[in-house]
Amino acid sequence: MQENRREGLTSAQVAERVRQGKVNILTREASKSAKEIVKDNIFTYFNLIFLILAVLVVIGGSLRSLTFLPVIIANTVIGIVQQLHAKRILDRLAVLAESNYEVIRDGQRRKIPMSELVSDDLIVLEAGMQIPADAVLLDGRLMANESLLTGESDEIEKLSGSELKSGSFVVSGQCLARLTQVGDESYISRLTAEAKEIKEKQSEMVNSIEWVVKIAGIAIIPIGITLFLESFILNEKGFSESITSMVAAVIGMIPEGLYLLVTIALAMSAARLAGKKVLLHDMHSTETLARVDVLCVDKTGTITDNEMHVIDAFGPQGKQLTAEAEQSLSAYIATSTDNNITMQALRTYYEHAVPMPEARVTPFSSKNKFSCIDTPQAAFRFGAPEFLLSEQAMEENRKTLEERTKQGQRVLALVRAQQGSDSFQPLAFVALENGLRPNVEDTFAYFREQEVQVRVISGDNPQTVSSIAQGVGIPDADRYVDASRLNSAEDIRDAVEKYRVFGRVKPEQKKAIIMAIKETGKKVAMTGDGVNDILAMKEADCSIAMGSGSDAARQAAQVVLLDDDFSHMREIISEGRRDINNITRSATLFLYKNMFSAMLALCSIILVFAYPLEPAQISLVSAFNIGLPAFLLAFEPNTKKQHAHFFRSTMFHAFPASLTSFIAIAGLVGFADVFGIRSQDVATASTYLLSIAGFMVLYRIIHPLNIYRAVVLAVSIAGFILGGYFFSGLFNLQKLSFPGLLLAGLFAIAQESVVRNLYGLFDWVRGIVKKQKKQRAGKQV
């Protein structure tokens with residue numbers, strides 16, 4: 001390159017461009033602002049409903065029925081505080097993760113963040129970098145991947161005068177470029193929207209909860225209006241009593257804290273992980289990782305670290321390297337423009353090498369697996385022996401190469417041909433190796449315990465990769481395949497069933513392997529650190545990048561391990577499983593109340609009887625059947641892998657109790673009318689029946705009990721009893737008359753028996769379904 005002949009912008013010119021707004025800053029924010037967080041938590045659809053209900057209650061003069069308001073206000077405040085806390089942590093971490101670029105200003109090179117680049121800056125680009133703004137290549141030569149913009153995975157050669165589009169990645173080579181369009185005027189603006197779509201994968205849990213919330217949000221309006229009109233007109237109740245009855249039913253149907261619970265849980269998980277130098281571009285990725293069945297890892301950067309060391313250099317057939325061959329090898333290394341970790345290790349080994357004169361350099365290509373240098377006298381190629389040696393030369397050197405690869409070493413070959421000849425002969429070989437990442441063996445042992453399969457996908461020699469994978473304890477790592485022999489989609493589909501290690505994999509094959517695994521119904525996560533991993537990372541359900549990896553990998557990933565500590569994967573999965581398990585339990589409690597309220601409201605409309613419960617009574621049940629246990633259970637570590645679908649699991653645990661409570665309370669209302677039991681007794685007895693079934697649901701979802709869960713159950717029951725006893729006036733709980741007490745007792749005994757037997761029936765049916773699934777799976781295998 002000839003950057004020394006260009007001085008770059010002066011400080012005054014930079015200041016002028018900043019004043020003109022020609023800075024590489026996007027108007028879209030990576031995360032919500034504090035103002036947006038506050039607004040999004042306050043101005044919600046359900047908060048509007050609660051405000052309307054509160055106004056109606058005040059107009060009706062039943063101020064005691066406003067007991068639901070403190071819970072709503074507390075939920076909103078807690079949500080704002082927790083999300084602001086998480087935002088502060090994540091924003092600090094995002095600054096650490098921001099890519100830096102080398103520019104020439106005032107004739108000097110300096111490193112600056114991407115957001116400080118301005119139009120007309122002279123910028124140095126090299127392998128692994130993401131092009132931060134539109135530019136024109138001035139000096140040098142590189143291979144670019146524009147897959148995020150065009151969808152094409154081919155590497156495109158860029159020479160002097162070529163246009164470089166922001167959002168593409170430098171695969172190999174080095175150049176000096178001048179930025180032409182920055183900020184919102186560049187392709188990076190469009191890329192941001194596309195990258196967001198890539199990162200925000202569908203979350204089963206969040207989608208299910210959003211579906212429940214939307215259904216409830218739509219249903220409460222017609223049901224609420226109908227209940228009020230029925231009570232006020234048909235049953236000729238007073239305005240205040242009709243409002244109170246309607247508000248109780250609507251409040252029972254609203255999952256007021258469910259979505260908030262998910263938001264807070266995910267935000268706090270992101271904050272806790274941020275404290276361990278794990279950056280989440282997408283908070284839902286912890287859920288995906290917690291459900292993952294197969295983890296695909298690249299060898300370099302994941303199993304091994306990013307530092308490579310030269311073991312030695314040797315001649316064909318393992319002989320000593322001649323002086324001429326060593327001189328050619330060192331000159332090749334000094335001339336090459338590649339700046340990957342392999343070339344950095346070789347430059348360290350041959351630090352005093354002299355470049356080849358009059359050389360034409362073609363950078364390394366992950367597609368071709370070698371780089372090229374042509375001089376007037378000869379042509380040189382350097383890369384994987386399998387792609388450079390003739391069949392005869394490969395056979396002559398096979399024993400030497402296999403001995404090296406069995407030791408986990410990576411071997412590269414330098415071949416030479418006279419100009420005008422296509423006959424390349426081996427000149428020299430270099431053996432290199434990576435060091436293992438800390439705690440990598442323990443991490444893979446954890447995945448084995450958690451029933452997560454591991455596939456190693458690498459561009460290196462499959463035997464070398466297999467040897468390293470076996471060394472770190474990856475199960476079945478001796479089953480390896482050379483992906484260069486996989487020529488069709490059918491070959492790849494067969495290979496993912498048979499093999500655990502894939503070597504000599506091209507970038508587009510990595511993507512095909514991920515797709516083939518997903519076709520089997522498994523959830524797949526992919527780790528990577530280079531440009532050649534991008535396509536596979538985009539295809540995976542969740543993608544993880546190393547902080548020291550390329551800009552390309554970090555930008556495409558949903559999760560970034562900033563300190564390169566692969567053992568953090570255990571913590572990420574543990575956080576995700578805690579979120580899934582605890583939110584699933586809490587959602588079950590919410591759904592129990594919501595389904596019961598909806599069924600009872602519809603029944604009261606159809607049979608034209610007044611809704612028996614009051615808002616204050618619903619608030620008491622919500623506080624100790626749902627709010628308190630959900631809050632306490634959220635602190636419990638829970639790393640059990642969830643195989644069941646989120647919505648099916650919550651419905652399975654909630655529906656039997658909801659149905660039984662509905663039948664019991666509807667029956668209680670009918671019997672009370674026959675025996676002339678007063679409405680206050682019916683309301684109080686209904687509260688007790690609702691809470692009894694609720695505590696049965698709570699017991700079921702925390703079973704088997706341990707000390708902590710037993711304490712949660714005991715505290716929740718005690719809270720309900722003490723709250724109802726000492727604040728009976730606030731919650732409008734009346735002392736039951738003898739007929740009312742007798743009727744309530746009979747229905748409570750019947751309800752407990754029905755709930756227990758219904759759960760037994762559901763468990764029996766589920767057992768049969770599971771057995772049939774296993775039998776079908778066995779037949780397919």
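**A mixed sheet and its helical neighbours**

Eight strands line up here as an open sheet with mixed pairing, running β8-β21-β20-β19-β9-β16-β18-β17. Strands are DSSP runs of E with at least two residues, helices are runs of H or I with at least four residues, and both are numbered from the N terminus. Two strands pair if DSSP finds at least two bridges between them. The model is a predicted one, in which local features need pLDDT of at least 70 and side-chain atom pairs count only at pLDDT 80 or more, while totals for chains, interfaces and linings use all residues. Numbering starts from 1 along each chain as its sequence is written, and side-chain values use heavy atoms, with hydrogens and water left out.

At the edges of the sheet sit β8 (278-280) and β17 (480-482), each pairing on one side only. Neighbouring strands are turned against each other by 20° on average, direction ignored. Further in, β19 (residues 524-528) and β20 (residues 542-546) pair in the parallel sense over four bridges, and Ala525 stands opposite Cys542 in β20. Helix α21 (residues 568-607) packs on this sheet and touches β8, β9 (294-297), β20 and β21 (559-561); contact here means heavy atoms within 4.5 Å. The direction of α21 makes about 145° with that of β21. Such angles run from 0 to 180 degrees between N-to-C directions, and axes are lines fitted to C-alpha atoms, for helices over the stretch in contact.

Most residues other than glycine have a negative phi, and most peptide bonds are trans.

Next come the helix pairs. The axes of α23 (residues 646-675) and α24 (residues 679-702) come within 10 Å and cross at roughly 165°, which makes α23 roughly antiparallel to α24. Angles over 145 degrees count as roughly antiparallel, under 35 as roughly parallel, 65 to 115 as roughly perpendicular and the rest as oblique. The crossing of α23 and α24 is right-handed, meaning that the near helix is turned clockwise from the far one by less than a right angle. Residues in this contact include Phe652, His653 and Leu668 of α23 and Leu689, Leu690 and Arg700 of α24. The contact residues divide into 14 nonpolar, three polar and one charged, where Ala, Val, Leu, Ile, Met, Phe, Trp, Tyr, Cys and Pro count as nonpolar, Asp, Glu, Lys and Arg as charged, and the others, Gly among them, as polar.

Helix α24 also meets α22 (residues 615-633): their axes come within 9 Å and cross at roughly 15°, so α22 and α24 are roughly parallel to each other. This crossing, too, is right-handed. Among the residues that meet are Gln617, Phe624 and Pro629 in α22, and Thr687, Leu690 and Phe695 in α24. The contact residues of α22 and α24 divide into ten nonpolar, six polar and no charged. In the loop between α24 and α25 (707-726) lies Pro704, and the peptide bond from His703 to Pro704 is cis, with omega near 5°.
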